[in-house]
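Load the model in your viewer and keep the selection tool ready. Each stop below says what to pick and what is there.

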Number of protein chains: 2
Amino acid sequence: MDAAEFRRRGKEMVDYVADYLENIEKRQVYPDVEPGYLRSLIPEEAPEEAESYEDVVKDIERVIMPGVTHWHSPYFYAYFPTAHSFPAMLADMLCGAIGCIGFSWAASPACTELETVMLDWLGKMLKLPEDFLAGTEGRGGGVIQGTASEATLIALLAARSKIVKLIQADHPDRSETDIISKLVAYSSDQAHSSVERAGLIGGVRMKKMPTDSKFSVRGAALQKVLEEDRAAGLIPFFFCATLGTTPSCAFDCITELGPICNAEKIWMHIDAAYAGSAFICPEFRPLLNGVEFADSFNFNPHKWLLVNFDCSAMWVKKRSDIIGAFKMEPLYLKHDHQESGIVTDYRHWQIPLGRRFRSLKMWFVFRMYGLKGLQAYIRKHVGLAKEFETLVRADQRFEISADVVLGLVCFRFKGSNELNETLLKRINRARKIHLVPCQLAGKFVLRFAVCARTTESRHVQEAWSHISHLASELLQELPH
Amino acid sequence: MDAAEFRRRGKEMVDYVADYLENIEKRQVYPDVEPGYLRSLIPEEAPEEAESYEDVVKDIERVIMPGVTHWHSPYFYAYFPTAHSFPAMLADMLCGAIGCIGFSWAASPACTELETVMLDWLGKMLKLPEDFLAGTEGRGGGVIQGTASEATLIALLAARSKIVKLIQADHPDRSETDIISKLVAYSSDQAHSSVERAGLIGGVRMKKMPTDSKFSVRGAALQKVLEEDRAAGLIPFFFCATLGTTPSCAFDCITELGPICNAEKIWMHIDAAYAGSAFICPEFRPLLNGVEFADSFNFNPHKWLLVNFDCSAMWVKKRSDIIGAFKMEPLYLKHDHQESGIVTDYRHWQIPLGRRFRSLKMWFVFRMYGLKGLQAYIRKHVGLAKEFETLVRADQRFEISADVVLGLVCFRFKGSNELNETLLKRINRARKIHLVPCQLAGKFVLRFAVCARTTESRHVQEAWSHISHLASELLQELPH
């Protein structure tokens, strides 16, 4: 395919994409296929000879679409949203065309520099403390990670490296493995599975902290376990706080936890993967109070800020902490400017070496929506969640299982877990909408997350009347 | 921006991309900007109000392009190639539009299933042993990782987890940290920095093996260090072999190393990040002989197989090894089919949770080039490297520093390292072409990697006459 054909096919693809998104409501949100459906639809081997583009494109509807879960359908209420917008898609086209690999400043200066400035822009939108911004003279700064899982892992590894160096400075004879064997990290028992996984990867103990009735970790709980662990000869070094947990969008109490972490020299990382986007609204910014105590902070614009996956924004107060954990300088990656101290080589900030020009999509989205447009988008989703909450509360058969703070509503039948499991199964088998469950305090709970950019009040009303109808059917079948 | 405006702007962007790529030769391959250039060109904060698309697009040439290193210019010969093709860009547009997050089968069955089948297609193109393929009943299979760094890390972590379980099965009283403190991994002293980094992250010793005159690790070298390390009470558990090292595209002797690893129950991972693409050609496939001894194998179609970044293909013989290292099952990620044993949930295979629909671009590229088209592409690049090698060899002032096997030529002045450093500086400062250096056996060496899809003989000839001219200038300035 040459550039001339790409002009033609690219424009056809733009239309296909626009058609797909304009008509996404008409597609069944969750597919009917059984595991293994796809293999039999295509050949067992790649073709020897080139095929025509027409043949490939025909197969999108025949092979791919029947097996797609449509995350951008307004009938999709599962997991958390994944962001999606036209400006982000345009920027991604440009990103693909430039196709640079931005592992160092020299590998493509624009790729690195736009990223640093976009993370400053975004940090200012969130009113992050100045310490987290790069500016022209800051010691902190931001970076785009692929996912929140990677941000948590990077923070944990940086904290591990820092505590080992700190202890070895006083006890040069203590081996790294000996120190690591005594380390202990903490997170909420509501924290995402990726936090526990970061502990596994880093080879350190990870203790899950109990939460209060609002599913928040409180300062007293941390204080208690720290005393026990210090007494047992362990070395607390890392606390991963969650703002907006995956099960119920609960918020750890970082105004209590932060001062304890600071006093005890424990690295506090904040994972606000979903909720972070909301902090650009003044009315939700108080949820971030306490961030000033954190060493690192992360959230996913690719969840709720209209920037397509992947774009997980992470800031650190001292970039030397994160760089110091990994820095390696083979000759083929050295360049003239790096000794100047004023360039950023993002390869030292992340697990992979390669990286795409992802800040372009932030730049397009921030400019084409403006801060006000982004705030309006967040508020619309929160409003839709509140609308759904009101519908649930008006139905005596149901209960709300956790405070509705942002775009997630946790609700359930007043009844057994089995009953709720059956309801969820029926909802998903009906294929009209798609939800996933969670467990809260031993209860099986349904999660209703406002996800798609195009979700409107009518979709929420429809979703509720559908759920309510299935609920009535189910209850009628029960023996009284 | 609504779908109607996206139709218009998307088509304009397609033309911009086609224009950029058709005229990329006219742009200076390496930018003139100084560190910090970009910040002053744009506002300090995101706009409050939305801006027009015209304003954003105008800034591409004003702000971004002056700071881009043009990796797809035929004057770019630095690092290794990063892949780029029109079919891959079209598939990426579709990927962005579908915008699903494929962490589990249920999250989008097509995303998972196409990936499994594409990795089988690619495995067959490489003539990988059957064990590495998923098929319908295989115990192995492939996965798309973001980068080779992540593949190496995942392999090391899986191996770490496996050896710990194995030892604890016989010695249930031995703690994980005690075992990990005795583990030792190995790689070539020519291995990529990411391999050493994987050891750091995993908290295990990583020993660099000496290489022979061809920069290859040989069996005898491994045998020797294993005996020493076992005698010292260490537990060898992981060997990362490299096929096509970054400095000189050298090949570790896996036909010697593999049997040793198998006999000693050491996990052998093969990193063929760059060279792997060439193994689709029968004449280069012998370089992969010995893969049958490996536990895991990885290479980057996003380097040299026309599939845009990111797309790093990894295969394992036993997928239970890799899944077992990380499996976590929170309720919100469970789905009906997973207990059936016939679905793949790729989140257990990788560091991140989220993942894009990256197999679409493999599918588009494999079909639109066909195996023959892909082979022709590899052969063309190797031919261009051989052409450059011939030019260097014909000049008595220069020497070839390592065998030219694929698309990389390592060469230098017959003279001091300082002289070669000066030559490289002048080459890069002239901005006509872009190269990076490496170090081979203490010598400063220039690397000439055939990178761009559109590089032709005339570009290679031009590049050499330019280098030769700068060399003459430099030599004339020297005192005799």
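The tour starts at the interface between the chains and then moves to the sheets.

**Before you click**

This is a predicted model: local features need pLDDT of at least 70, side-chain atom pairs count only at pLDDT 80 or more, and totals for chains, interfaces and linings use all residues. Residues are numbered from 1 along each chain as its sequence is written, chains are lettered from A and ligands numbered from 1 in written order, and side-chain values use heavy atoms, leaving out hydrogens and water.

**Stop 1: the interface**

Select chain B within reach of chain A. Here 144 residues of chain B are in contact with 144 residues of chain A (contact: heavy atoms within 4.5 Å). About 12800 Å² is buried between the two chains, with carbon and sulfur atoms giving 66% (buried area: the accessible area, 1.4 Å probe, lost when two parts are put together, summed over both). Now pick B:Arg39, B:Tyr332 and B:Arg367: they supply 7% of the area that chain B buries against chain A, more than any other three residues.

**Stop 2: charges across the interface**

How many salt bridges are there between chain B and chain A? The count is 16 (salt bridge: a side-chain nitrogen of Lys or Arg within 4 Å of a carboxyl oxygen of Asp or Glu). Zoom to one of them, A:Lys372 with B:Glu49, where the closest N and O atoms are 2.6 Å apart. Next, select helix H1 of chain B, residues 3-22. With 16 residues, H1 gives the most to the side of chain B that touches chain A (helices: DSSP runs of H or I, at least four residues; strands: E, at least two; both numbered from the N terminus).

**Stop 3: the sheet of chain B**

Show E8-E9-E11-E10 of chain B, an open antiparallel sheet of four strands in that order (strands pair if DSSP finds at least two bridges between them). E8 (398-400) and E10 (436-440) of chain B each have a single partner strand, so one side of each is left without a neighbour in the sheet. Inspect E9 (408-413) and E11 (443-449) of chain B, paired over four bridges. There B:Phe411 stands opposite B:Leu446.

**Stop 4**

Switch to chain A. Its open sheet of four strands has the order E8-E9-E11-E10, paired antiparallel. Select E10(A) and E11(A), which pair over five bridges. A:Pro437 stands opposite A:Leu446.
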